[in-house]
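User: I am new to this structure and would like to learn how to read its features. Please take them one at a time.

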Amino acid sequence: MDHFPIFLAVEGRRIVVAGGGETALAKLRLLLKTTARITVVAEAAEPAVAALAAEGRIALIPRAFAPGDALCAALVYAAQDDAAEDARVARLARADGALVNIVDNLGDSQFITPAIVDRDPVTVAIGTEGAAPVLARAIKADLEARLPASLGLLARIGKRFRAAAEALPMGRKRREFWADYYFKDGPQAIDAEGEAGVEATLAALLGRHLAAAPAAGRVDLVGAGPGDPELLTLKARRLLDRADVVIHDRLVAPAILELARREAVLIDAGKQGFGPAMAQAEICALMVQHAAAGAHVVRLKGGDPSVYGRLDEEVAALDAASIGWSVVPGVTAASAAAAQIGQSLTQRDRNSALRFLTGHDMNGFAEQDWRGLARPGAVAAIYMGRRGARFLQGRLMMHGALPDTPVTAVENASRPEARVIATTLGRLPADLEGATPGAPVILLYGLAPRAAQAALPLLTEEFA
Ligand code: SAH
C-alpha cells in the first residue's frame with residue numbers, strides 16, 4: 001500500500017483550490033460537500049465559480065497563486081490544467097506546509113482523492129493508487145446501487161442515540177441492537193412513517209434489547225473450503241462476520257481470516273502434520289471456555305469439517321458442556337483438486353465409487369482396502385498422503401496395481417499458488433519430492449489431468 005487511506009477532519013479548516021476552470025470546478029463540487037472553508041485562487045474564473053463566490057460558498061481571490069496563499073491550509077489542489085503553473089503552486093504550497101494534490105498527476109501529488117460513495121455520515125472511499133480508475137468507477141457504481149439512500153439518515157439518527165445505547169453491555173448485545181436497527185427496524189420505520197418514526201423506533205428497540213435475557217454462547221463448526229475465499233459458503237461468511245472468537249486451523253488461508261470481524265479474537269490452533277500442535281483436548285477446552293462465557297465461537301476448519309476434521313471429538317466436548325452447536329459444510333480438498341484438473345471424481349463406466357483415504361492416521365501409515373484400490377479404474381482422493389507416498393505405492397503394487405496407474409498431486413488447490421504434479425504410481429514418491437515443502441497436497445489416485453487423460457489407455461472397472 002503506497003497510499004494509506006484516512007478520513008481527514010476538515011470542519012472549519014481551509015482547503016485551497018488553485019484554478020478557476022472546469023477541472024477546478026469538478027473538485028469544488030466534491031469539496032462543497034464538506035464543512036471546510038474553501039478558497040479559490042484564480043486569475044480567471046468560470047461563471048459557475050464566480051457564482052459560488054457570489055453565493056458566499058467559497059472565497060475567490062482573483063489573481064495568480066502567491067507565497068503564503070496556502071498558510072494554515074489543510075489541503076491544496078493545483079487544478080489549473082497547466083503543468084508548469086501547477087508545479088509552481090505545488091512548490092509554494094508545500095513551502096507553506098500544506099499537503100498538495102496536482103490533479104491528474106499522481107507522481108507529484110502528496111495525496112490523492114478517492115472515488116466516493118456518499119451516504120453522509122457513512123462514506124466509502126475507493127482507491128486504486130491510479131492503477132485502475134475503471135475498476136474504482138465500477139466498484140462505486142456497484143455500491144451506489146447496493147446502499148439504500150436512507151442509510152445516511154439512519155446513521156445520523158443512530159449517532160445521536162449512541163450514548164443511550166451504552167445502557168447495553170459492550171460487545172455482542174450492543175452489536176445485535178445496532179444490527180437490528182440498521183437492517184430491520186430502522187429501514188421498516190422509514191418505510192412506514194418516514195424520518196419522524198425513527199427515534200421512537202430506536203427507543204422501543206432499546207427497551208426490547210434491555211429486557212432480553214443474556215444471549216447464550218454457541219459454537220459453529222464451519223468449513224472454510226480449500227483456500228479461495230470465493231469458495232466459502234454464504235453461511236460461513238455470515239458467521240465469520242458475527243463471531244466473537246474464531247479458532248482456526250493452520251490450513252485456513254489468510255485471505256479468509258481477513259473476513260472475520262476486526263474485533264474478533266483470532267486463535268490459531270495450527271495443527272501441523274507430524275509436528276507440534278495444540279492438543280485436541282486443548283482446542284476443545286478453548287471452545288467450551290469461550291462459549292460458556294457467552295461468546296459466539298466459530299471453529300473454522302479447512303475444507304469440510306466432516307472430512308478428516310476430528311469433528312466428533314469437538315462435538316462430544318460441546319455436548320458434554322451443554323453448549324449449542326451446528327456444522328456448516330465446506331468444499332473439501334478433493335472437490336477443489338478435481339476442479340483444478342478439470343476432472344470428474346466419479347465417471348460412468350470408470351468408477352461408480354469414490355474413496356476418501358488418509359495417508360496416515362494416529363497410529364502411523366493407514367491400512368486400506370488395498371485389493372479394491374488396486375483394481376483398474378479405482379479412484380481415491382488421498383488426504384495427508386505426502387509422507388506416506390512410498391508406503392502407498394508399495395501396498396498398491398503388492399496388490400496388483402499397475403505402475404502406470406495415473407496419480408495427480410494437487411498442491412494448494414483453488415489458491416493462486418496452486419500446482420499440479422501429474423505422475424504415475426510408479427513415479428509417485430520421486431515426483432512428490434518436487435512438491436513445495438509445507439504446502440497442502442492431495443493425491444488423486446486413478447485420475448490424470450483432463451488433457452493428459454485422453455492420451456492414456458482407457459482403464460475400466462467391471463461393474464456387477
Ligand atoms: N477437512 C479438510 C481436510 C483436512 S486434512 C478438507 O475437507 O479438505 C488435511 C489435508 O487436506 C492436507 O494434508 C491435504 O491433503 C488436504 N488439503 C486441504 N486443503 C488443501 C488444498 N487447498 N489443496 C490440496 N490439499 C488440501
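User: How many salt bridges does the structure hold?

Analyst: A salt bridge is a side-chain nitrogen of Lys or Arg within 4 Å of a carboxyl oxygen of Asp or Glu. The structure holds 21 of them. This is a predicted model, in which local features need pLDDT of at least 70 and side-chain atom pairs count only at pLDDT 80 or more, while totals for chains, interfaces and linings use all residues. Residues are numbered from 1 along each chain as its sequence is written, and side-chain values use heavy atoms, with hydrogens and water left out.

User: Which residue forms a salt bridge with Arg-310?

Analyst: The partner is Glu-313, and the closest N and O atoms are 2.7 Å apart. To describe cover, buried means under 20% relative accessible area, exposed over 50%, and partly exposed in between (1.4 Å probe, protein chains only). Arg-310 is partly exposed, because its relative accessible area is 31%. Glu-313 is also partly exposed, at 35%.

User: Where in the chain do Asp-369 and Arg-355 lie?

Analyst: Their side chains meet in a salt bridge, at 3.3 Å from N to O. The pair links distant parts of the chain, 14 residues apart: Asp-369 is in the loop between β15 and α14, and Arg-355 is in strand β13. Helices (H or I, at least four residues) and strands (E, at least two) are DSSP runs, numbered from the N terminus. Asp-369 has a relative accessible area of 42%, so Asp-369 is partly exposed. Arg-355, at 24%, is partly exposed.

User: Which residue pairs with Asp-431 in a salt bridge?

Analyst: That residue is Arg-427, with the closest N and O atoms 3.2 Å apart. Salt bridges that share partners also join Arg-175, Asp-244, Arg-261 and Glu-263 into one network.

User: In what order do the 5 strands of the open sheet come?

Analyst: Two strands pair if DSSP finds at least two bridges between them. Here the order is β13-β16-β19-β17-β18, and the pairing is mixed. The edge strands, β13 (355-358) and β18 (419-424), each pair on one side only. Neighbouring strands of this sheet are turned by 20° against each other on average, direction ignored. For angles, axes are lines fitted to C-alpha atoms, for helices over the stretch in contact, and the values run from 0 to 180 degrees between N-to-C directions.

User: How many bridges join β17 to β19?

Analyst: Strand β17 (residues 406-411) and strand β19 (residues 441-445) run antiparallel and are joined by 5 bridges.

User: Which strands does helix α13 lie across?

Analyst: Contact means heavy atoms within 4.5 Å. Helix α13 (residues 333-340) lies across β13, β16 (380-383), β17, β18 and β19, and runs at about 70° to β19.

User: Which residues of helix α15 are buried?

Analyst: An α-helix has 3.6 residues a turn, so residues three or four places apart point the same way. In α15 (residues 389-398) the buried residues are Ala-389, Phe-391, Leu-392, Gln-393 and Leu-396. These buried residues pack against β15 (364-365), α14 (370-374), β16, α16 (428-432) and β19. Gly-400 follows α15 and has a positive phi, near 105°.

User: Is Ile-6 buried or exposed?

Analyst: Ile-6 counts as exposed because its relative accessibility is 57%. Ile-6 lies in the segment before β1 (14-18).
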